[in-house]
Amino acid sequence: MKIKIQEWDVYSLGDHAIVFSLEAKVDTNIVQCITALATFIKDKNINGIIDIIPSYHTLTVVYNIVQFLNPNTNAREQLTLFSNNLLIDFLNQHKTKTKHQNSIIKVPVCYDIYFGLDIENLSVAKNISVEEVIKIHTSTIYEVYSIGFLPGFTYMGIVDEKIQMARHEKPRMNVLAGSVGIAGLQTGIYPTNSPGGWQIIGRTPWNIFNREETILTKFKVGDLVQFYSIDKNEFDKMNEHK
Amino acid sequence: MSIKIIKKGLSDSIQDNGRYGYQHLGIQPSGCMDIISAWLANKILNNDLNNAVFELHFPSSQLLFENDYTICITGANFVPVINDKSIELNKPIHVSKNDILTMFQPIEGRTCYIGIHAQLTDPLWLGSHSFSKETIQKDVLINFKANNKMDTQNIESNKQLIEEMQKWVFDHHAPIHIIPGPAWTHLSNVSLNALLTYPFEITTQANRMGFNISGPKLTLTIENNFLSSGVTRGTLQLLPNGDIIVLMADHQTIGGYANLGQIILVDLPRFAQFKTGQSFKFELTSLENANQLYRNIYEKFQH
């Protein structure tokens, strides 16, 4: 199944998912449109839709074949009809809406070299002071473009070119939960201790992933985030990591 | 009422139909690798199809039953032995308190299931008992509350289903069917031809997250670097070195490598049972065919 409605491409992903896709760009308007469509579909509570995954410019909708599709009609035609009607409804409702009004989540980060294992290297490589790195990292309002890699791993952008740096060629064996890193134009937070290749510039005392059903993650795709700098003492006081 | 792990296996876990509804938070769905064999165990035991089962790989965990249970072993044949007596697959088996189940030798397949005619009373996480990348550890108690003792006299009713599903899951000669994905059209002509012509082989790098397969090196006509987007089980991701990794039950929720296509759901159990070194070919199929096959198999388990 493959259709195009205005700027949207819709296509099947195997036999149990479809993808709604916009232009492949890291762009605030695009991700806002994707999350708006995600909410629109979620609110419809459609029988048989089991996962709705927004990420950058795509929305992947996973369905249960038996619950979602009618056995007596051609699957391709059903999916085409479904996507067509859904997008037309969505575009009609969202014509008038413009910019989002999400509040900004302020996230404390300790940039001390005790946590920011790569901040000195990054400052040398980019030929600016550590203070400048912190100033630039904390002055941008980031947007959550995707969550994945690990449960709760938060991909945010867009990082100022002055502090952009590629991943390590060889990932570290263990990056601490809460570590804040840079990978190219993205900045992200490690939810749990794990191997990882991002340039680590600090650590948040927040526990951003919790197995408790009512909490799970602190962020969702489309959220706005701004970091602020705290010192080691403040970190210890706010520390949610066990 | 529990089952004790007295020896830890290589990578065993408890699984069910999986944990859907949380992939937007990066929580992978997990669930049984070979769902058909797991369903078969539950069907034979008159359980709900979603009842939690043990999923074993070889070398497998050794289980001590601290209660009487009726169990059923399906999927891979690892030569199951109770105390020192070997037992049959695909049959309800009564086990008594203090019996020990050992898997002796991997004869056929990669993934074995133990269904229990009992309810797992350990807490659910987000609606599922499926382990999420964790494995079963030594000395752990898995708490199954036994149902009434099962009548194993009248078991002929599932005979045909067992035969059909065994044939389906362990047919090593049938091709693995795929539906083209978004990066399909970016494959070079030579690669596209190679993907559908030459055999591929399961490598030693294969686990619940994904199976690395080896075969002809494939190339794209564009750079293999995409913004991450949602993936499903059965997704064929093209790695930068030209090899393919097939995403399995514990797959990451998003991926940034070229998404070449998906193995259809009904062929995944067969693929999941392939041992290291097993060779196979890919073949294209239609969405229509994939959906119809899935529905056929699903419906066979409904009565």
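## Briefing: a two-chain predicted model

The buried residues of helix α1 of chain B are Ile35(B), Ile36(B), Ser37(B), Ala38(B), Trp39(B), Leu40(B), Ala41(B), Asn42(B), Lys43(B) and Ile44(B); a residue is buried if 20 or more other C-beta atoms lie within 10 Å of its own, exposed if 12 or fewer, and partly exposed in between, with C-beta atoms placed from the backbone. Helices here are DSSP runs of H or I with at least four residues, strands are DSSP runs of E with at least two, and both are numbered from the N terminus. This is a predicted model, in which local features need pLDDT of at least 70 and side-chain atom pairs count only at pLDDT 80 or more, while totals for chains, interfaces and linings use all residues. Residues are numbered from 1 along each chain as its sequence is written, and chains are lettered from A and ligands numbered from 1 in the order in which they are written.

**Confidence**

- The model scores ipTM 0.96 and pTM 0.94.
- Chain B has a mean pLDDT of 95, and 99% of its residues reach 70 or more; pLDDT is the predictor's confidence in each residue, from 0 to 100.
- A friendly reminder: where pLDDT is low, the predicted coordinates should not be read in detail.

**Chain A overall**

- Chain A holds six helices and 16 strands.
- Its C-alpha trace spans about 65 × 35 × 35 Å along the principal axes.
- Of the 242 residues in chain A, 43% count as buried.
- Among contacts in chain A with a separation of 6 or more, 61% come from residues 24 or more positions apart; two residues are in contact if their C-beta atoms, placed from the backbone, lie within 7 Å.

**Helix α5 of chain A**

- Within helix α5(A), residues 130–139, you will find Val133(A), Ile134(A) and His137(A) buried.
- Looking down the axis of α5(A), these buried residues fall within an arc of 95°, so they line one face of the helix; the arc is that of the directions from the helix axis to the C-beta atoms.
- Glu131(A) and Ser139(A), on the other side of α5(A), are exposed.
- The cover over the buried residues of α5(A) includes α4 (119–125), β13 (199–203) and β16 (224–230) of chain A.

**Domains of chain A**

- Chain A is assigned domain 1 (2–94) and domain 2 (104–238); the bounds come from an automatic or database domain assignment.
- The C-alpha centres of these two domains of chain A lie 31 Å apart.
- Eight residues from domain 1 of chain A and nine residues from domain 2 of chain A make up the contact.
- On the domain 1 side of chain A, α1 (28–43) and β4 (49–55) each supply at least two residues, and the largest share, four residues, comes from α1(A).
- That side of domain 1 of chain A divides into four nonpolar, four polar and no charged residues; Ala, Val, Leu, Ile, Met, Phe, Trp, Tyr, Cys and Pro count as nonpolar, Asp, Glu, Lys and Arg as charged, and the others, Gly among them, as polar.

- Helix α1(B), residues 35–44, is mostly covered, with 10 of its 10 residues buried.
- Just after α1(B) comes Asn46(B), which takes a positive phi of about 65°.
- Chain B is divided into domain 1 (2–169) and domain 2 (176–300), and 27 Å separate their centres, taken over C-alpha atoms.
- The contact between these domains takes 22 residues from domain 1 of chain B and 17 residues from domain 2 of chain B.
- On the domain 1 side, α1, β5 (69–77), β10 (108–116) and α2 (159–169) of chain B each supply at least two residues.
- The residues of that side of domain 1 of chain B are eight nonpolar, 11 polar and three charged.

**A sheet in chain B**

- Eight strands of chain B form an open sheet in the order β21-β14-β15-β18-β17-β20-β13-β22, with mixed pairing; two strands pair if DSSP finds at least two bridges between them.
- The edge strands, β21 (279–280) and β22 (282–284) of chain B, each pair on one side only.
- Strands β17 (235–238) and β18 (244–247) of chain B pair in the antiparallel sense over three bridges, and Leu238(B) stands opposite Ile244(B) in β18(B).

**Where the chains meet**

- The contact takes 31 residues from chain B and 42 residues from chain A.
- On the chain B side, β16 (229–230) and α5 (287–300) each supply at least two residues, and α5(B) gives the largest share, seven residues.
- The chain B side divides into 15 nonpolar, 14 polar and two charged residues.
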